[in-house]
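Please keep the sequence and the view open while reading the numbered points.

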Amino acid sequence: MDEDVVAWSATVEHESDERSLLAALRAGDDRAYERLVSEHGGRMLAVARRMLRNDEEAQDALQEAFVLAFRGLPRFEGHSRLSTWLHRIVVNASLMKLRSRRARPEESIEPLLPTFMEDGHSTHAYGEWPEVPDRVLERSEVCGLVRASIDRLPPTYRTVLLLRDIEELDTGEVAEQLGISANAVKIRLHRARQALRELLDPHLRQGGA
Amino acid sequence: MRSRIGKTAHYRGEEFITCQEVITFLLEYLSKDLSPEEEQHFERHLAICPSCVAYLKAYRQTVHLGRVALRREVDAKPPELGVELVRAILQARA
């Protein structure tokens, strides 16, 4: 069978399966709730861990997310996939946890940003990084290095980077969630990416350390 | 961009925007939020500045690497929830 036909048929089957799961959830079927948690819970917990980097808080966020999801089910119209809807809910629950952490003085991001001479030229010449195919990258130590480097970003910047680049919320949504302007989101995102580039540079630069 | 750009420099008798302007407005450039005129200024600078070209490429790679590394973490093998946690979640339904 043609690959496109196989993919289309799998999508139709998935949608039909999801409609029947939704109907069962709305009817209050206990097994449907168990299925929802077992099918989506692991991935949602991984998303919460990715944002919070704390297992206890991630489990709390997951529970809170499911409570919100159960309450919100009657209003879920099925315009998006259940997994997409649940992903958004667990991201929001994790963000609430992040906000509730006691504010601590944050390290400045400035030392990780590019510097310039008075005439606007960069203070040093940048070099290229090698291109690494994703399939190689996924198995390499680089993934661990990238994760560790993201964790080193000041929390204010790390949160914006995660929400925009990883969880794929748009600028307006991030601004609303964080209670800051869209322009502030763009500035933080740009600085976070620049700082991450700087942290990775010594490891990835051609002929680098 | 003229209204936003503070600095220009001369190279071989021609005026170019500086590395500082390129790196400061990189997000707007990559998001296609610059006017055609602003974009042209960017591309003229990139044509003569290998350092900014390298910075731009590494910036793009940084975004990509972040996505691959963190999505891999979630996609590879979702964690088991454990009986207690599943029970707590399902009890919250009541």
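1. Conventions. Residues are numbered from 1 along each chain as its sequence is written, while chains are lettered from A and ligands numbered from 1 in the order in which they are written. The model is a predicted one, in which local features need pLDDT of at least 70, side-chain atom pairs count only at pLDDT 80 or more, and totals for chains, interfaces and linings use all residues.

2. Overall form of chain A. Chain A holds nine helices and zero strands. Here helices (H or I, at least four residues) and strands (E, at least two) are DSSP runs, numbered from the N terminus. The C-alpha atoms of chain A occupy a box of roughly 65 × 50 × 30 Å along the principal axes. The radius of gyration of chain A is 21 Å, whereas a compact globule of 209 residues would have one near 17 Å. This radius is taken over C-alpha atoms, and the globule rule is 2.2 Å times the number of residues to the power 0.38.

3. Burial and contacts in chain A. Of its 209 residues, 30% count as buried. A residue is buried if 20 or more other C-beta atoms lie within 10 Å of its own, exposed if 12 or fewer, and partly exposed in between, with C-beta atoms placed from the backbone. Among contacts in chain A with a separation of 6 or more, 64% join residues 24 or more positions apart. Two residues are in contact if their C-beta atoms, placed from the backbone, lie within 7 Å.

4. The nonpolar core. The largest such core has 59 residues, and those with the most contacts inside it are A:Ala48, A:Leu62, A:Ala65 and A:Val90. Helix α2(A) contributes the most to this core, namely nine residues. A nonpolar core is a set of buried Ala, Val, Leu, Ile, Met, Phe, Trp, Tyr and Cys residues joined through C-beta atoms within 7 Å. Apart from neighbours within four places in sequence, A:Ala48 touches A:Ala58, A:Ala61, A:Leu62, A:Val90 and A:Ser94.

5. Helices α2(A) and α4(A). The axes of α2 (residues 30–52) and α4 (residues 82–100) of chain A come within 9 Å and cross at roughly 35°. Residues of this contact include A:Met44, A:Ala48 and A:Met51 of α2(A), and A:Leu86, A:Val90 and A:Ser94 of α4(A). By class, the contact has 10 nonpolar residues, four polar and one charged. Ala, Val, Leu, Ile, Met, Phe, Trp, Tyr, Cys and Pro count as nonpolar, Asp, Glu, Lys and Arg as charged, and the others, Gly among them, as polar. Axes are lines fitted to C-alpha atoms, for helices over the stretch in contact, and angles run from 0 to 180 degrees between N-to-C directions.

6. Helices α6(A) and α9(A). Their axes come within 9 Å and cross at roughly 140°. A:Leu145, A:Val146, A:Ser149 and A:Ile150 of α6(A) meet A:Leu196, A:Leu199, A:Leu200 and A:His203 of α9(A). This contact has six nonpolar, two polar and no charged residues.

7. Helix α7(A). Why is α7(A) described as largely enclosed by the rest of the structure? The reason is that 10 of the 12 residues of this helix (residues 155–166) are buried. The buried residues include A:Tyr157, A:Arg158 and A:Asp165. They pack against α2, α4, α6 (142–151), α8 (171–178) and α9 (182–204) of chain A, together with α4 of chain B.

8. Contact between the chains. Chain B gives 38 residues and chain A gives 45. On the side of chain B, α4(B) supplies the largest share, 18 residues. That side of chain B divides into 24 nonpolar, six polar and eight charged residues.

9. Positive phi values. Most residues other than glycine have a negative phi. A:Arg53 has a positive phi near 55° and lies in the loop between α2 and α3 (55–72) of chain A. A:Arg53 counts as partly exposed because it has 15 C-beta neighbours inside 10 Å. B:Lys32 has a positive phi of about 60° and is placed in the loop between α2 and α3 (36–48) of chain B. B:Lys32 has 7 C-beta neighbours inside 10 Å and therefore counts as exposed.
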